[in-house]
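Let's walk through this model together, with the structure open beside the text.

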Amino acid sequence: MKRLRLILCLCIIFLLLACASVNYDKPIGAFQKSVDESVGVIGKYYQDLNTYERSLYLESAFLDPQKEVLLTDSQGQPTPLVGNVFSAKGIKARLDSLSLVSMYSKRLADLAGSTVPVQFPARAKVMGDNLSNLATTFGSLAGSHDTTASSYIGPISSLVGLVGQIYLERQRDAALTKAITEGDPLIRRILDLLEADLVNVVDPLRKTGEKELLAEMVGYYNNKRLKMSYAERRQAIDAIKADAESYSAAVIFNPSGLVSGMAEAHQALVKYAKSDKNPNDFAEMVSAMELFTTRVDTVAGAVRKLQSIR
Amino acid sequence: MKCDTATLTQIIDKCFDLSMDGRVKPEQRSEFLALGKRLRGSLLNLLSAQFDDGTKAVEDANTKLTKINSDLANEANTLNNLAFTIANITTLVGTLDKLIGLAKSFV
């Protein structure tokens, strides 16, 4: 009877441990994958900034023979020809910030998927020792008049291993919770800065640039069309079509949306880390990761379209 | 202190729209295109320009930007007074050129 009570208590403890364990690895894996894809898209945007302005400048010169190509304009300001509209240092700082976010998400994923053994602290060792002693006890009972004792040896031995595994998972999950909650203010600061950059600087330049290209090509065609050959008109109309598509894609494409998506997904991780971790909390976190993945897929599609046009 | 580049962006967008508007005479469309391009050139510089707090020229430029943007939002009025609109925006170009010259730094 005493033996039965002891085993029942141990089973209840095991169940409690199992329920308390958190299944972080899949949602964090999804978060990391989407962060990497977002960082790739946004990073390319920053890297192409100066190249894009140069293209715009030269295209404008091509359409207007009255316009000179210069290094410095009449106001003494550098043109986009070779001048850095955005300093190399400034672009590198932004790319480094993005790399930091990517590295952080990778570390979380590494931690979530970790199977590296961790040493038991004292109290877990006591539990493990108790279970081991129990296994030994049953072992000594087997072969004696206690005919069912030997049946307990296998399950109890497995339980010792399982408690160890659950303990490791709890250690890992505690480390993840710590990493996510302590990383939160730092990640938020970086993402806020990047979002402000994209909203206030990159996006306005890109959208007005695409509209300038379109307006210039339209003006060129309207002014010259009566003197154009059939082939020249065909070429000009095709160029207008490409410029219009590019402008439409630029209007839809919202790189700052990727950054805010990353911030929202990270907030979902933080919320879960601080929650009671019941099934509803977990489902909410998984939904947030799925939403982020969908957003990234949509934006990546828009970027591919933009690149195919130009 | 910064120039109101968000409002400037809207004005640039409007200039390009007017450059492709069939209700606008061809010669005025060309003017709107040229003004849009000049203003975009100013935008490129002003996005990274830093000014000392309280610089009057920045405050005046921002006021002018708000006024012109508000006028452009009234489409009927704009189309009925295109010459006036072009003159206002041309003045704005000059104002922003001078402002760029006053920038403390470009970050």
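A salt bridge here is a side-chain nitrogen of Lys or Arg within 4 Å of a carboxyl oxygen of Asp or Glu. Please keep in mind that this is a predicted model. With that definition in hand, look at A:K106, A:R107 and A:D110, which are linked in a network of salt bridges. In one link, the side chains of A:K106 and A:D110 come together at 3.4 Å, N to O. In another, A:R107 pairs with A:D110, and here the closest N and O atoms are 3.6 Å apart.

Why are these residues placed to meet? A:K106 and A:D110 are four residues apart in helix α4 (residues 88-112) of chain A, so about one helical turn separates them. A:R107 and A:D110 are three residues apart in helix α4 of chain A, and so they too are separated by about one helical turn. As for solvent, A:K106 is partly exposed at 39% relative accessibility, and A:D110 is partly exposed with a relative accessible area of 39%.

The side chains of A:R295 and A:E264 meet at 2.7 Å, N to O. This pair links distant parts of the chain, with A:R295 in helix α9 (residues 279-309) of chain A and A:E264 in helix α8 (residues 255-274) of chain A, 31 residues apart. A:R295 counts as partly exposed at 28% relative accessibility, and A:E264 is partly exposed as well, with a relative accessible area of 43%. Over all chains, a search of the whole structure finds 22 salt bridges.

While you are in this part of chain A, find A:K277 in the loop between α8 and α9 of chain A. For context, most residues other than glycine have a negative phi. A:K277 is partly exposed, with 24% relative accessibility.

Next come the helix pairs. Two packed helices are described by the angle between their axes and the distance between the axes. Return to α4 of chain A and bring in helix α2 (residues 25-47) of chain A: the two pack at an angle of about 165°, with their axes 9 Å apart. Angles over 145 degrees count as roughly antiparallel, and α2(A) and α4(A) are therefore roughly antiparallel to each other. The crossing of α2(A) and α4(A) is left-handed. Among the residues that make the contact are A:F31, A:V35 and A:V39 of α2(A), and A:L95, A:L98 and A:V101 of α4(A). Sorted by class, the contact of α2(A) with α4(A) has 13 nonpolar, five polar and four charged residues.

The axes of helix α2 (residues 26-46) of chain B and helix α5 (residues 82-101) of chain B come within 10 Å and cross at roughly 25°. Angles under 35 degrees count as roughly parallel, and α2(B) and α5(B) are therefore roughly parallel to each other. Here again, α2(B) passes α5(B) in a left-handed crossing. The contact includes B:F32, B:L35 and B:L39 of α2(B), together with B:I86, B:I89 and B:V93 of α5(B). By class, the contact of α2(B) with α5(B) has 13 nonpolar, five polar and three charged residues.

Let's finish with two single residues. A:S60 sits in helix α3 (residues 49-63) of chain A. Is A:S60 buried or exposed? With a relative accessible area of 1%, A:S60 is buried. Setting aside residues up to four places away in sequence, A:S60 touches A:K67, A:E212, A:E216 and B:K37. B:A73, by contrast, is exposed, with a relative accessible area of 65%. B:A73 lies in helix α3 (residues 56-73) of chain B. Although B:A73 and B:K14 are 59 residues apart in sequence, they are 8.7 Å apart in space, C-alpha to C-alpha.

Methods
Residues numbered from 1 in each chain as written. Chains lettered and ligands numbered in written order. Predicted model: local features only at pLDDT ≥ 70, side-chain atom pairs only at ≥ 80, totals over all residues. Heavy atoms only, no water. Buried < 20%, exposed > 50% of the residue type's maximum accessible area, 1.4 Å probe, protein only. Axes fitted to C-alpha atoms, helices over the stretch in contact; angles between N-to-C directions. Parallel < 35°, antiparallel > 145°, perpendicular 65-115°, else oblique. Left-handed = near helix turned anticlockwise from the far one by under 90°. Contact = heavy atoms within 4.5 Å. Nonpolar A, V, L, I, M, F, W, Y, C, P; charged D, E, K, R; others polar.
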